[in-house]
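Please look through the sequence and the model shown here before reading on.

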Amino acid sequence: MTDEPIFRVRLEAAALADLRTYLDELDPDVGCRPVAKKSADGFTIDVHLPESQLATARGTRAANRVSVEVLENETEAGLARQAEVGAGNRFAARGDIPRGLGIKE
């Protein structure tokens, strides 16, 4: 786990071989099942990169054949979504006695 922000980035290349070469060189987090999708200009894939790796992503040897588009700061989006979640127990109503086999506290 890293303390720096994580960004969702879309990579696009005209040829699938260029995209593979770029991914091999950069070694980004591609998720559980990476799938390159066909687009109008070639092939795209979404990856996750820490902020420190963004400059590296634009400066690799294969970068001139791949476009890098930052889509979202996943860290900020995740923190904003967590703020929507309440802190209390929404299932516990005042005065209700717990039922079931568990310990009654």
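A residue is called buried under 20% relative accessible area, exposed over 50%, and partly exposed in between, with a 1.4 Å probe and protein chains only. Asp-46, at 29% relative accessibility, is therefore partly exposed. Of the 105 residues in the protein chain, 25% are buried.

This is a predicted model, in which local features need pLDDT of at least 70 and side-chain atom pairs count only at pLDDT 80 or more, while totals for chains, interfaces and linings use all residues. Residues are numbered from 1 along each chain as its sequence is written, and side-chain values use heavy atoms, with hydrogens and water left out.

The protein chain has 3 helices and 4 strands; these are DSSP runs numbered from the N terminus, helices being H or I of at least four residues and strands E of at least two. Their order along the sequence is β-α-β-β-α-β-α. A contact means heavy atoms within 4.5 Å. Among contacts between residues at least 6 apart in sequence, 77% join residues at least 24 apart.

Which parts of the chain do salt bridges join? A salt bridge is a side-chain nitrogen of Lys or Arg within 4 Å of a carboxyl oxygen of Asp or Glu, and the whole structure holds 6 salt bridges. In one of them, Arg-8 meets Asp-46 at 3.5 Å, N to O. Arg-8 lies in strand E1 (residues 6-13) and Asp-46 in strand E3 (residues 42-50), so this pair ties together parts that are 38 residues apart in sequence.

Arg-8 also forms a salt bridge with Glu-74, with the closest N and O atoms 3.0 Å apart. Because Glu-74 belongs to helix H3 (residues 74-83) and Arg-8 to strand E1, this bridge ties together parts that are 66 residues apart in sequence. Arg-8 is partly exposed at a relative accessible area of 25%, and Glu-74 is partly exposed at 23%. A network of salt bridges links Arg-8, Arg-10, Asp-46, Glu-72, Glu-74 and Arg-81.

Another salt bridge joins Arg-65 and Asp-18, the closest N and O atoms being 3.2 Å apart. Arg-65 is in the loop between helix H2 (51-59) and strand E4 (66-73), and Asp-18 is in helix H1 (residues 16-26), 47 residues apart.
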